[in-house]
Protein chains: 2
Amino acid sequence: MNTAIILAGGVGSRMGVDRPKQYLVIDEKPIIVYCLEIFEKHSDIDKIVIVVSDEWKDYVIENVEKYGITKVCGYAPAGRTRQHSIYNGLKCTEANAPETDVVIIHDAARPLVSDKIIKDCIIGAVEDDGAMPVISVKDTIYQSKDGKSIGNLLKRSELFAGQAPESFDFKKYLDIHNSVSDDEIASTAGSSEIAYRHGMKVRLVEGSERNFKITTIEDLETFETIIKG
Amino acid sequence: MNTAIILAGGVGSRMGVDRPKQYLVIDEKPIIVYCLEIFEKHSDIDKIVIVVSDEWKDYVIENVEKYGITKVCGYAPAGRTRQHSIYNGLKCTEANAPETDVVIIHDAARPLVSDKIIKDCIIGAVEDDGAMPVISVKDTIYQSKDGKSIGNLLKRSELFAGQAPESFDFKKYLDIHNSVSDDEIASTAGSSEIAYRHGMKVRLVEGSERNFKITTIEDLETFETIIKG
């Protein structure tokens, strides 16, 4: 059984608008709903857990009902970091969907993820221990320990920019979170990072430029253009 | 003496328009002219070398005259890679501005570079051997040798995305190009890369989001919005 954990706990916005980006309404529908509908319709997804801050929980529940998202089995509170929110989502999955084999963790603000990426991530988590979509890195990236001068060269062909969703063997991934310190969870920059560090094999699958995270006004305009055809 | 090498040799465009992006006309002025004017007015810049493909050379000369860019001392032909174009610019500098101490290499399609970045780069090349502006990396970057699964974690705090202009001790940088194979020049992904690989100390200076390279239609619109205030 596969459970999607949708991260909607962010409360900030860099856009200078009145609400977190995942709750902005585009073409009469909140962004999070576009995201939920993809997982609702996907035949590989059995259950959905939503991580949401207290102040937006009623709003999310109302929209889940309004748009007929029937796979939702629980709501988890937002944590103080993204990885804490994931941990809350994992605990909620354990409580409400204990037969879960694979969790697939996605950002509510990435509403254009494809069915194929979701499928590839689940296959990766079954065949390896986890999977994440990646795209190539466009910038020339330099490494420097002190931030003052170049300290190492990185081959662009070996660098990949991580996207979401990231999928994992549920039990292994939950066990890691149960065993590590709170500090380690807090300092985790990417959800695959903590998996890899603790010995899980994380497969890279082909991501997509279209699967971007809505962060800026320009992103929002791009999303609106795509949605309105 | 400091010589700017302006790279305008690119002939392609990802935008589906009829000309390379550096020659698109925004608010009645070609993009390359915005870039040239910055170096023309900068008190630390003595000479300018322009790298340009044969087919656009007359157009560039015409605009250099029209907009009173007086520091131009030579035109170099475009090479088959960006680094070959740089090498051509270095040879043109040697021929037409042999007393050059520092070269500062910039993209014609980055027309919003600040005076401060130019100054910082020149100071870096004088005090170290070279300098480049960098900005922080927004993506979570993973390393994989085989492209199939995560092979190494990189600390985001140690990663920097390189911009232009890149500045170098002219003699040292030219000597490297004279001594290495054509293949090494061809496979160089960033102009600081070849410098660092051959023992030059390259300082990282603070870049700017505004100093972006015009690549997409969205970049072009952003530039137009900024120029028109």
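The largest cavity has a volume of about 80 Å³, where a volume is the space filled by probe spheres set on grid points joined across faces, edges and corners. The structure is a predicted model, in which local features need pLDDT of at least 70 and side-chain atom pairs count only at pLDDT 80 or more, while totals for chains, interfaces and linings use all residues. Residues are numbered from 1 along each chain as its sequence is written, chains are lettered from A and ligands numbered from 1 in the order in which they are written, and side-chain values use heavy atoms, with hydrogens and water left out.

A search of the whole structure finds one cavity of 30 Å³ or more. On a 1 Å grid over the protein atoms alone, a cavity is a set of points where a 1.4 Å probe fits but cannot get out; a pocket is an open set with protein on both sides within 12 Å along at least five of seven lines, and lining residues have an atom within 4 Å of a point. The lining of the largest cavity consists of A189(A) and E193(A) together with D139(B), T140(B), I141(B), Y142(B), L153(B), L154(B), K155(B), R156(B) and L159(B). By class, this lining has six nonpolar, one polar and four charged residues (Ala, Val, Leu, Ile, Met, Phe, Trp, Tyr, Cys and Pro count as nonpolar, Asp, Glu, Lys and Arg as charged, and the others, Gly among them, as polar).

The second largest pocket holds about 190 Å³ of space. Its lining comprises 13 residues, with L153(A), L154(A), K155(A), R156(A) and E193(B) nearest the centre. Strand β8 (141-143) of chain A and helix α7 (191-197) of chain B each supply at least two lining residues. Six nonpolar, two polar and five charged residues make up the lining of this pocket.

In chain A, helix α3 (residues 82-96) and helix α5 (residues 170-179) cross at roughly 125°, and their axes come within 10 Å. α3(A) is therefore oblique to α5(A). Axes are lines fitted to C-alpha atoms, for helices over the stretch in contact, and angles run from 0 to 180 degrees between N-to-C directions; angles under 35 degrees count as roughly parallel, over 145 as roughly antiparallel, 65 to 115 as roughly perpendicular and the rest as oblique. Helices (H or I, at least four residues) and strands (E, at least two) are DSSP runs, numbered from the N terminus. The crossing of α3(A) and α5(A) is left-handed (the near helix is turned anticlockwise from the far one by less than a right angle; right-handed if clockwise).
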